[in-house]
Amino acid sequence: MSAIMPTIGFIGLGQMGQPMAANLIKGGFKLRVYDVNPKAGIPLAASGAIICKTPSEAAQDADFIITMLPNGDLVRNVLFGADGAINKLNKNALVIDMSTIHPLQTDQLIADLKAHGIQMMDAPVGRTSEQAITGNLLILAGGSADQITKATPLFNLMGSEIINAGGPGMGIRVKIINNYMSIALNSLSAEAATLCEGLGLNFDTALQVMSGTPAGKGHFTTSWANKVLKGDLSPAFMIDHAHKDIGLALDVANTLHVAMPMGAAAREVYSQARAAGRGKQDWSAILEQVRHTSGMEKKI
């Protein structure tokens with residue numbers, strides 16, 4: 001690492017990357033920046049960043065390389081392409097991919113850089129561009145303890161919360177799972193809100209009720225925490241009853257011509273659980289049913 005202040009090669013100056021880079025400059029780091037759009041670096045140049053014409057140039061004398069790009073193919077290209085950072089990276093540099101890409105691409109990038117004697121960790125971010133501007137991102141750090149320690153001064157300037165995800169490649173894994181759940185839940189919530197409207201129910205009433213139940217709080221911290229994750233499938237609310245209730249909701253939705261594809265898919269999972277003899281188990285046993293359907297070793 002440089003004797004005075006580390007140099008960061010920052011690649012990817014989009015809606016998230018540009019404010020993240022700006023916060024690193026405010027923190028005193030020297031930045032060499034690259035983006036496929038050369039104009040993207042102009043606001044940072046006014047604060048002292050050096051605008052580079054290639055990823056390789058951005059990697060010159062860098063102690064860290066940060067990539068913040070839309071997909072894994074682009075990350076690979078800026079690292080290993082004809083003008084890729086690999087051409088100028090020194091062996092002591094740490095590559096930090098903060099993009100949201102396919103986890104298996106992350107694994108391969110880590111392995112390929114390791115073959116060149118260069119370390120890489122993943123650190124995708126949570127929250128929005130507004131938090132990127134204020135430096136309040138959630139950073140999901142996937143790396144060794146030494147890598148996370150080395151990168152923490154950078155993370156502290158870009159985020160307000162750092163989670164050690166449990167090793168290389170684990171940051172992107174938890175990011176993908178979190179996004180999958182929240183994105184799917186967004187669609188399911190839209191179905192529920194539309195059914196409220198179809199039934200003439202005041203949405204504020206629904207909001208008040210669901211804010212205090214697993215519907216609004218989620219199952220990870222409510223029904224699962226109290227039951228299946230403790231190895232207890234004795235019924236507080238039976239799968240048979242859950243199957244009946246989701247059927248009622250789907251039937252009334254059908255009568256009102258409210259589209260409920262997420263709900264229909266969920267009923268199929270409950271139907272599978274009943275067919276497997278789980279009807280009298282707690283509804284949190286849906287976790288074990290999905291694990292079984294996926295061919296995973298029986299946990300409970």
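Reply: A cavity here is a set of grid points where a 1.4 Å probe fits but cannot get out, and a residue lines it if one of its atoms is within 4 Å of a point. Keep in mind that the model is predicted.

The structure has 1 cavity of 30 Å³ or more. The volume of the largest cavity is about 30 Å³. Its lining runs through Leu-13, then Val-33, Tyr-34, Asp-35, Asn-37, Pro-38 and Gly-41, and ends with Ile-51 and Cys-52. By type, this lining has 6 nonpolar, 2 polar and 1 charged residues.

Now the open space. The second largest pocket holds about 250 Å³. It is lined by 18 residues, and those closest to its centre are Tyr-34, Val-36, Leu-69, Leu-74 and Val-78. Tyr-34 therefore lines both the cavity and this pocket, since each has an atom-based lining with a 4 Å cut-off. Of the pocket lining, 11 residues are nonpolar, 5 polar and 2 charged. Helix α4, residues 72–80, gives the largest share, with 3 residues.

Setting aside neighbours within four places in sequence, Gln-105 touches Gly-72 and Asp-73. Gln-105 itself belongs to helix α5, residues 103–115. Its relative accessibility is 28%, so it counts as partly exposed. Gly-198 lies 93 residues from Gln-105 along the chain, and their C-alpha atoms are 44 Å apart.

Just past the helix, Gly-277 has a positive phi of about 85°.

Helix α14 repeats some of these themes. Ile-286, Leu-287, Glu-288, Gln-289 and Arg-291 are its buried residues. Their cover includes α11 (223–226), α12 and α13.

Two backbone angles remain. Most residues other than glycine have a negative phi. Arg-127 has a positive one, near 85°. It sits in the loop that joins β7 (125–126) to α6 (129–134). With a relative accessible area of 41%, Arg-127 is partly exposed. His-257 has a positive phi too, near 60°. Its loop runs between α12 and α13. His-257 counts as exposed, because its relative accessibility is 74% and the cut-off is over 50%.

Key. Residues are numbered from 1 along each chain as its sequence is written. This is a predicted model: local features need pLDDT of at least 70, side-chain atom pairs count only at pLDDT 80 or more; totals for chains, interfaces and linings use all residues. Side-chain values use heavy atoms; hydrogens and water are left out. On a 1 Å grid over the protein atoms alone, a cavity is a set of points where a 1.4 Å probe fits but cannot get out, and a pocket is an open set with protein on both sides within 12 Å along at least five of seven lines; lining residues have an atom within 4 Å of a point. Grid points are joined across faces, edges and corners, and a volume is the space filled by probe spheres set on the points. Helices (H or I, at least four residues) and strands (E, at least two) are DSSP runs, numbered from the N terminus. Ala, Val, Leu, Ile, Met, Phe, Trp, Tyr, Cys and Pro count as nonpolar, Asp, Glu, Lys and Arg as charged, and the others, Gly among them, as polar. Buried means under 20% relative accessible area, exposed over 50%, partly exposed in between (1.4 Å probe, protein chains only). Contact means heavy atoms within 4.5 Å.
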